[in-house]
Amino acid sequence: MPQLKKFVYFLLMVTSFIRIETHDITDALKIFETINQRGKGLDSMDLLKNMVFCQVDRSKFKELNMNWKEITRALESIEEKPLRFLRYFIMANYNTSAVKDGILREDQII
């Protein structure tokens with residue numbers, strides 16, 4: 001029970017919840033990205049996902065989200081980090097000679 005009390009205290013006293021309403025999902029994604037640039041940094045996979053969702057018609061969001069989850073679950077099931085896989089994919093398919101030693105670091109993606 002002490003852990004629950006600590007969690008409730010943290011939730012009520014340390015965190016803030018903000019409700020933001022937008023006219024469409026594109027605006028919501030832009031706001032999401034902007035807010036997160038000023039707070040806790042997003043990793044490259046979060047940014048990539050946001051960029052992909054910004055390019056897709058709203059009617060395809062559910063399908064895209066299911067595909068995204070399927071891909072990330074498959075990677076995690078073989079203990080592969082999605083960001084590391086993305087790094088290898090980029091290095092195998094694109095010219096990375098512009099980066100030092102041609103080796104792309106995860107923090108250089110996006």
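Select Ile18 to begin, a residue in the loop that joins helix H1 (2-14) to helix H2 (25-38), where helices are DSSP runs of H or I with at least four residues, numbered from the N terminus. With a relative accessibility of 71%, Ile18 counts as exposed, the cut-offs being under 20% relative accessible area for buried, over 50% for exposed and partly exposed in between, with a 1.4 Å probe and protein chains only.

Residues are numbered from 1 along each chain as its sequence is written, and side-chain values use heavy atoms, with hydrogens and water left out.

Where pLDDT is low, the predicted coordinates should not be read in detail.

Move back to H1, whose 13 residues reach 17 Å from first C-alpha to last, close to the 18 Å expected at 1.5 Å a residue, a span taken as 1.5 Å times one less than the number of residues. The number of buried residues in H1 is zero, so this helix lies largely in the open.

In H4, select Thr72, which at 16% relative accessibility counts as buried, and whose side chain reaches the backbone oxygen of Lys69 at 3.1 Å.

Then display the largest nonpolar core, made up of six residues: Met45, Trp68, Leu83, Leu86, Leu104 and Ile109. Such a core is a set of buried Ala, Val, Leu, Ile, Met, Phe, Trp, Tyr and Cys residues joined through side-chain atoms within 4.5 Å.

For the aromatic rings, a search of the whole structure finds one pair. Phe53 and Phe61 form it edge-to-face, at 5.2 Å centre to centre and 85° between the planes; rings of Phe, Tyr and Trp (its six-membered ring) pair with centres within 6.5 Å, and planes under 30 degrees apart count as stacked, over 60 as edge-to-face and the rest as tilted. Phe53 counts as buried at 8% relative accessibility, as does Phe61 at 14%.

Terms used: This is a predicted model: local features need pLDDT of at least 70, side-chain atom pairs count only at pLDDT 80 or more; totals for chains, interfaces and linings use all residues. Helices (H or I, at least four residues) and strands (E, at least two) are DSSP runs, numbered from the N terminus. A polar contact is a pair of N or O atoms within 3.5 Å; within protein, one must be able to donate a hydrogen and the other to accept it, and residues adjacent in sequence count only if both atoms are side-chain atoms.
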